[in-house]
Amino acid sequence: MPGMKTSPQSLIFPLNVYAELLELAFGEVDYLSYGVQSRSDGSVRDGQQAMAEQLAAMISAPPGACVLDVGCGTGALAQKLARTGYQVTAIDVNEQAVGAAQQRFANMALSRGPESDGKAGDTNGDASGDRTGAGNIPVLFTADLQTFAPDQNFDVLVLQNSARYLSPLAVFAHARRLLKPGGQLLIQEEFTGDDTERHPEPLPVLKHVLDMATRAGYVLTQQRDLSPGVAEWMQLCLELFDQNLHGLEERTGLPIPQLLDLRQAMAEDRDKCRRGRYCHVLLDFHMGAADVTLLPAGCLPVDRYRALFENSFDTDFSPALWQWKYGNGRGHSVVACKNDMAVAHYGGISRDILYFGKPERALQICDVMVMPQHRGFYSRRGLFFSTAASMLELYAGNAAGHQLGFGFPNIKAMHVAQRLGLYAKTDELLALSYLADSFESTSFESTSFESTSASDTWTVTASGPDASSAALINVVWPRMVSAFSDGIIGLRDWAYLSYRYAQRPGLKYDFLALANASGDKAMAVIRDHGECSLIMDIVAADDDLATVLWALCRHGHDTGRPMVFWLSAGQLQRVQTAALQTEPTGIHIPCNAWTEGPSAPTLQGKWWLTAGDMDFL
């Protein structure tokens, strides 16, 4: 049967451009997936068909087996497999693609010859033009992998350049739901191959995906690297793009500069493939036994975490607090489910930071939970390791959206994570305070630090949070952060402080404005902490930090509520005075040591971290 004519302009960008390019060059569109250049005189279309042939050849089940084609596109691969004799079900979430596949399958049915009864194995050939018989007709649904609920299970699941749209954990979990015991999972996909350099990538790292597959109970039986052939195929695509540039402009209605931007992105993809940053592989998995399913935590309704949370922290679960932490894309987590119940969770919250003066993102670990009956197994087969390693692989490291992972584990969790290779220590929190006799003089000179009494006489007043608080922070924060080009600090602009303190459910924080006779200003946030007040955050110019801390502690003394400030030990010099008292809190600060990223020595003592950074429970 001739290749399917589709409606390229109904597809989303950039698939619409690729479809128009193929129609311009060949008059039809079979595949919108990558191809592999297998011979010197082959075309772009030949390369796509060659890739489909390699994928189909990896199916170990005999003809007649049930195959699910996930993300079927225009249906060319499903047609090919059906004509080989497989019972094919095809799904795609894109209605336009489903429409194209539907027309392809309808034409396939019409092409049945009178000599064919349509049974499996009647025909050979592929989607490019053989009319000797149509074989089985694929069954088509508009559906995605997560929600597809057929009345049968499958011998084989195939994902041809469609796995990239889902988390690897979601692919493995839903493949397990849909496959028969011991079934085969075939994935043709592009991955990040080299993550030794910092650059966020949209594609997961291949070695991480393989590790996650093992934890999910899959056995890799074959891995075929097609990167060299795909790189050469992409070069053909670029040449075809150049030959049809003005035709693409006319057919798509897109301006030449936008099309050239797309061409540049294609060229960068080719170059990454050539140097190994990206890789194209065929992966052949067979499903083994597993009694626990790993999933991105967002796949479960919020209330499904109640029992796990309350068993882990001995406190009531608050859906509002959970939403505050993880909602609206703030959180990234992995959950382990057993018998449809959440039994472990490893979560993190995105933080915008300045990393040695450059904007970056970090993942702050919180809500590390394992049901009591599963806590005694702290090996690489345990739930703590499975959820932690998978979450770090997905979200932290050189190729991930977050360069760093950090947190505040208890001592036992810290030691376990170090032994498993997940964490490395970078610092610890100290509790800083002044003794009452430090305030016998109203001058900061009583701390034996060089200073003038006039400039160090700070007033402390309650503030907002309101517009005046926002205006104050917008002045003070830039002065503070300018001194941190030699370290790492989380953003403390008004957008963050408002979210962190004013919008946090269940706890009350007080905002304090500070000013001195010289016109310098600062802001602090405090909350009740037993018999004292805990200073959550201080925002002040670097030169003022020491005097502001002293002024806050003096204010606490004067109002009968002593104040304590928790600060990472490596930043102590910014607030150090002779009278300052320091005590260990027993809280260590680890960094992510599991995925490629900044090493512990690079981060040692560089974080400005306070109680406000850790108080997320």
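Predicted model: local features only at pLDDT ≥ 70, side-chain atom pairs only at ≥ 80, totals over all residues.
Local features were taken only where pLDDT is at least 70 and side-chain atom pairs only at pLDDT 80 or more, whereas totals for chains, interfaces and linings use all residues. Residues are numbered from 1 along each chain as its sequence is written, and side-chain values use heavy atoms, with hydrogens and water left out.

Two packed helices are described by the angle between their axes and the distance between the axes. Axes are lines fitted to C-alpha atoms, for helices over the stretch in contact, and angles run from 0 to 180 degrees between N-to-C directions. Helices (H or I, at least four residues) and strands (E, at least two) are DSSP runs numbered from the N terminus. The axes of helix α3 (residues 76-84) and helix α4 (residues 95-110) come within 9 Å and cross at roughly 30°. This angle makes α3 roughly parallel to α4 (under 35 degrees counts as roughly parallel, over 145 as roughly antiparallel, 65 to 115 as roughly perpendicular and the rest as oblique). The crossing of α3 and α4 is right-handed; a crossing is left-handed if the near helix is turned anticlockwise from the far one by less than a right angle, and right-handed if clockwise. Contact (heavy atoms within 4.5 Å) is formed by A76, A78, Q79, A82 and R83 of α3 with R104, F105 and M108 of α4. The residues of this contact comprise five nonpolar, one polar and two charged, where Ala, Val, Leu, Ile, Met, Phe, Trp, Tyr, Cys and Pro count as nonpolar, Asp, Glu, Lys and Arg as charged, and the others, Gly among them, as polar.

Helix α2 (residues 44-57) packs on helix α7 (residues 227-243) at an angle of about 150°, with the axes 9 Å apart. The pair is therefore roughly antiparallel. The crossing of α2 and α7 is left-handed. From α2, the contact includes V44, G47, Q48 and M51, and from α7, V230, W233, L236, C237 and L240. Seven of these residues are nonpolar and two are polar, with no charged residues.

For α1 and helix α8 (residues 245-252), the axes come within 10 Å and cross at roughly 120°, which means that α1 is oblique to α8. Their crossing is right-handed. In α1, V17, E20, L21, E23 and L24 meet G247, L248, R251 and T252 in α8. By class, four nonpolar, two polar and three charged residues make this contact.

The second largest pocket holds about 760 Å³ of space. On a 1 Å grid over the protein atoms alone, a pocket is an open set of points where a 1.4 Å probe fits, with protein on both sides within 12 Å along at least five of seven lines, and lining residues have an atom within 4 Å of a point. Grid points are joined across faces, edges and corners, and the volume is the space filled by probe spheres set on the points. The lining has 31 residues, of which F313, V368, P409, N410 and A413 lie nearest the centre of the pocket. Two or more lining residues come from each of α10 (306-313), β11 (358-370), α12 (383-395), β12 (404-406), α13 (411-420) and β20 (581-592). Strand β11 gives the largest share, seven residues. The lining divides into 21 nonpolar, six polar and four charged residues.

Cis peptide bonds join F13 to P14, with omega about 5°, and G464 to P465, with omega about 5°. P14 is in the segment before α1 (15-26), whereas P465 lies in the loop between β14 (458-462) and α14 (467-481). N328, which is not a glycine, has a positive phi of about 55°. N328 is placed in the loop between α11 (319-326) and β9 (331-338).
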